[in-house]
Amino acid sequence: MRTLLALGLVVAALVYWEARRELGLDHRLSAIASEVAGRPVHVDCPGFIRGLVDISGDGGSVMFGPDGKPSDTTRLETSVCGDLAAYRKTRRRSDFACVYGSVLCSARVERTVYAALILSHESQHLRGVRNEAVAECYAIQMLPLVAQRLGSPPEEAKAIATHFLVVDQPLLSGDYVLPPGCVNGGSLDLHPNSADWPGG
Ligand SMILES: [Zn+2]
């Protein structure tokens, strides 16, 4: 009986600790998404239990109502949340310098870059952009901001956006292929007067 009680306390402590950790992460990611979306929004990471059965494979999602307006919350997948939670730790690894180059990095580094892109992409949906290709185009351009808020210095954050555009984006297909206007000075350039691309 005493063993059961002790076990119960350990489980309760673990659940409490996990809930606090998740809440802290949600809070931090919500602040970043709100900055990108230009309005108060929420990022929802799966808790421990939902995480066990979370295998949707899309990275994240935002629901749109019949009026064409987005909900205030994006649900991110367990693996994406995990990579975002470990962002600061991963960027301190020596192999993270690979983001300054234009060849495929280690799986862990690519996953981290991709997780930051997903946060940026879902934030575009929360901003009201429904079209996947347009959301992707804006997401890459706002990736330097997102990467900075996640813990990267400005130069590294810009390198991450360029790395994603050159290395990862060409691997995507279907709805996620960038539209013709998604070029420096094109119709989807968020800063048409800046020579920097995709970060400015
Ligand atoms: Zn999308």
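**Exercise 1.** Across which strands does helix α1 lie, and at about what angle does it run to β1?

Solution. The model is predicted: local features need pLDDT of at least 70, side-chain atom pairs count only at pLDDT 80 or more, and totals for chains, interfaces and linings use all residues. Residues are numbered from 1 along each chain as its sequence is written.

Step 1: find the elements, which are DSSP runs numbered from the N terminus, helices being H or I of at least four residues and strands E of at least two. Helix α1 covers residues 2–37.
Step 2: read the position. Helix α1 lies across β1 and β3 and runs at about 135° to β1. Axes are lines fitted to C-alpha atoms, for helices over the stretch in contact, and angles run from 0 to 180 degrees between N-to-C directions. Contact between two residues requires C-beta atoms, placed from the backbone, within 7 Å.

**Exercise 2.** Give the strand order of the sheet and describe the hairpin of β2 and β3.

Solution. Step 1: the open sheet has 3 strands in the order β1-β3-β2, with mixed pairing; two strands pair if DSSP finds at least two bridges between them.
Step 2: β1 (42–44) and β2 are the edge strands, each pairing on one side only. From one strand to the next the twist averages 25°.
Step 3: β2 (residues 60–64) and β3 (residues 70–76) pair in the antiparallel sense over 4 bridges. Phe64 has Pro70 in β3 as its bridge partner, and Val62 stands opposite Thr74.
Step 4: the hairpin has 5 residues between the strands, and Gly68 takes a positive phi near 85°.

**Exercise 3.** Describe how helix α5 packs against helix α8.

Solution. Step 1: α5 (residues 107–127) and α8 (residues 154–168) pack at an angle of about 105°, their axes 11 Å apart.
Step 2: that makes the two helices roughly perpendicular (65 to 115 degrees; under 35 is roughly parallel, over 145 roughly antiparallel, the rest oblique).
Step 3: α5 contributes Glu110, Val113, Tyr114, Ala116 and Leu117 to the contact, and α8 contributes Ile160, His163, Phe164 and Asp168.

**Exercise 4.** Is helix α7 largely enclosed or largely open?

Solution. Step 1: a residue is buried if 20 or more other C-beta atoms, placed from the backbone, lie within 10 Å of its own, exposed if 12 or fewer, and partly exposed in between.
Step 2: 6 of the 8 residues of α7 (residues 143–150) are buried, so the helix is largely enclosed by the rest of the structure. The buried residues are Leu143, Pro144, Val146, Ala147, Arg149 and Leu150.
Step 3: their cover includes α1, α5 and α8. After α7 comes Gly151, with a positive phi near 130°.
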